[in-house]
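This briefing covers a single protein chain, taken topic by topic. The sequence and structure come first, followed by the notes.

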Amino acid sequence: MQVLCEKGNDICVLEKDGVEIGRARIVNGKVECWIAPEWRRKGYGTFLLKKTLHQMGISQSETLTAQAYGGEGPFYKKFGFQAVGEGRYRRERKKQVNALSIVHDFWEKHLTPGCTALDATAGNGHDTVLLCRLAGPTGRVLAMDIQKQAVENTRERLQREHLSAQVIQDSHENIAQYIAPNQLDAAVFNLGYLPGGAHDFFTVPARSIPAMDTALSLLKPGGILTVCAYSGKLQGTHERDAVLEWANRLGSEYDVKTETFETRSGLPPIAVCVRKNLR
């Protein structure tokens with residue numbers, strides 16, 4: 001028994017002893033799976049769909065829809081689909097919760113078009129891109145990084161995405177040179193080393209903590225600041241602990257939430273979300 005994928009047609013064919021007994025197709029998140037009647041209820045449909053998802057590189061947790069034309073409902077339910085009416089089934093993507101997803105949700109909750117945002121550790125530009133989309137064409141985004149490679153990577157990514165931001169090679173210690181007090185809606189810090197870069201060049205709390213304090217002083221009432229701090233090795237753990245201590249000492253002027261993922265194995269990044277109270 002084998003599964004043959006016809007890549008051009010996004011179809012996978014299940015053959016048994018050289019005879020086609022089923023086929024599956026997944027296009028734009030829509031699933032179609034057919035098994036010859038005489039081979040149904042024998043596990044062949046489950047085998048075929050699993051193989052199809054794997055060979056097409058589709059995650060088991062990706063959002064998918066399916067149409068049941070007969071009694072396929074129980075079959076789709078095996079894969080986490082839920083009935084949504086008229087023989088239609090849907091499986092929602094399971095959102096991964098980590099430090100980045102937490103801070104991104106926080107930005108989306110509080111930032112609106114026209115805002116002014118700072119990516120204080122531009123890295124490869126991923127966060128800069130999202131901030132640009134949230135700020136919209138009427139907003140302002142400033143991205144800065146001390147490393148030349150990070151600045152180049154960020155500019156290239158913005159160009160590919162047809163977005164615009166002010167990208168500066170400088171330390172985030174110098175934030176106040178570029179943004180006036182009470183003009184900042186959001187400040188973003190990702191602490192650690194440049195992804196894909198040398199691991200012997202990284203942020204240090206002696207510089208990052210004062211920069212975060214400066215960013216707080218530039219926030220408008222209602223403005224936000226987020227930190228993702230990556231653990232690992234002595235330096236990363238030291239900076240993570242410094243960030244948690246910094247968050248714990250912020251006064252009543254700020255609403256602070258932290259997520260340390262203490263129940264997870266390894267040393268996952270932590271998230272700190274801060275909002276400056278309106279008064």
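The model is predicted. In helix H4, the buried residues are Asp127, Thr128, Val129, Leu130, Leu131, Cys132, Leu134 and Ala135. The points below place this helix in its surroundings, then turn to the sheet and the whole chain.

**Helix H4**
- H4 spans residues 126-135 and is mostly covered, with eight of its 10 residues buried.
- Its buried residues pack against two helices, H3 (99-110) and H5 (148-160).
- They also pack against the strands E8 (116-119), E9 (140-145) and E11 (184-191).

**The seven-stranded sheet**
- Seven strands form an open sheet with mixed pairing, in the order E10-E9-E8-E11-E12-E14-E13.
- Strand E10 (166-169) and strand E13 (254-259) are the edge strands, each pairing on one side only.
- On average, neighbouring strands of this sheet are turned by 10 degrees against each other, direction ignored.
- E13 runs antiparallel to strand E14 (residues 270-276), and six bridges join them.
- Lys257 stands opposite Cys273 of E14.
- Helix H6 (residues 205-218) packs on the sheet, where it touches E11, E12 (219-229), E13 and E14.
- The direction of H6 makes about 155 degrees with that of E12.

**Whole chain**
- The chain contains seven helices and 14 strands.
- Buried residues make up 44% of the 279 in the chain.
- Of the contacts between residues at least 6 apart in sequence, 62% join residues at least 24 apart.
- The accessible surface is about 15300 Å², and 48% of it belongs to carbon and sulfur atoms.

Key
Residues are numbered from 1 along each chain as its sequence is written. This is a predicted model: local features need pLDDT of at least 70, side-chain atom pairs count only at pLDDT 80 or more; totals for chains, interfaces and linings use all residues. Side-chain values use heavy atoms; hydrogens and water are left out. Helices (H or I, at least four residues) and strands (E, at least two) are DSSP runs, numbered from the N terminus. Buried means under 20% relative accessible area, exposed over 50%, partly exposed in between (1.4 Å probe, protein chains only). Contact means heavy atoms within 4.5 Å. Accessible areas come from the Shrake-Rupley method with a 1.4 Å probe; for residues, only the protein chains shown count as cover. Two strands pair if DSSP finds at least two bridges between them. Axes are lines fitted to C-alpha atoms, for helices over the stretch in contact, and angles run from 0 to 180 degrees between N-to-C directions.
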